[in-house]
Amino acid sequence: MSTAAAPVRSGAVLADLLPAARHRYAVDAALVLGGAALTGIAAQIAVPVPGSPVPVTGQTFAALLIGTALGARRGFLSLALYALVGMVGMPWFAEASSGWSMPSLGYVFGMLLAATVVGALARRGGDRSVLRTAGTMVLGSAIIYAIGVPYLALSTGMSLSAAVAAGLVPFLIGDALKAALAMGLLPTTWKLLGRRG
């Protein structure tokens with residue numbers, strides 16, 4: 001009799017390991033709601049950046065982790081819920097803000113797309129090793145900036161180079177630290193579960 005853990009089917013993400021055969025829709029709904037709430041809580045970890053209307057927050061890290069852990073569909077739904085509820089007035093964007101008129105709203109839209117992409121990559125093993133996780137996190141961050149920085153420029157009247165200086169450059173070191181944390185956390189979680197499929 002073997003005591004080794006059975007490998008997970010190819011294409012699984014961490015959320016797929018939850019036992020929920022008879023209650024899959026309820027579990028998925030709870031994961032989506034929990035992902036949105038976690039992003040809202042992480043957004044309150046905010047440090048203002050001098051000269052920038054965009055603070056350093058925990059929400060980008062949360063969005064990327066939610067995408068990888070939940071997969072593309074549930075990750076998209078979590079971040080879509082987070083964005084929609086925040087735009088209609090729930091004060092859970094960075095620094096307890098909400099609404100449509102924030103110059104940082106483009107980053108929220110970027111997080112929605114990034115969670116979807118990193119979730120799709122996680123289904124292909126993008127979170128199973130340190131190097132793959134690094135690539136997944138870098139791509140997710142690049143997507144967030146590719147939408148957030150131009151939106152920042154348009155909403156504030158900044159030039160694109162000024163928006164890059166205010167909305168990208170000050171965040172690179174923090175993003176590298178977040179990626180390093182994910183590079184340790186995600187592959188280690190898979191290893192601890194004994195399920196490298």
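Colleague: Which residues touch the most other members of the largest nonpolar core, and what makes it a nonpolar core?

Modeller: Leu-79, Tyr-82, Phe-93, Tyr-107, Val-108 and Met-111 do, out of 47 residues. The name applies because a nonpolar core is a set of buried Ala, Val, Leu, Ile, Met, Phe, Trp, Tyr and Cys residues joined through side-chain atoms within 4.5 Å. H4 (105-123) supplies the largest share of this core, nine residues. Helices here are DSSP runs (H or I, at least four residues), and strands are runs of E of at least two, numbered from the N terminus. The model is predicted: local features need pLDDT of at least 70 and side-chain atom pairs pLDDT 80 or more, while totals for chains, interfaces and linings use all residues. Numbering starts from 1 along each chain as its sequence is written, and side-chain values use heavy atoms, without hydrogens and water.

Colleague: Why is Thr-39 called buried?

Modeller: Thr-39 has a relative accessible area of 0%. Buried means under 20%, exposed over 50% and partly exposed in between (1.4 Å probe, protein chains only), so Thr-39 is buried.

Colleague: What is Thr-39 in contact with, beyond its neighbours within four places in sequence?

Modeller: Gln-59, Ala-62, Ala-63, Ile-66, Leu-79 and Tyr-82; contact means heavy atoms within 4.5 Å. Thr-39 lies in helix H1, whose buried residues pack against strand E1 (46-47), strand E2 (56-57), H2 and H3.

Colleague: How do you know what span to expect of H1?

Modeller: The expected span is 1.5 Å times one less than the number of residues. H1 has 20 residues, and its 28 Å from first C-alpha to last is close to the 28 Å expected.
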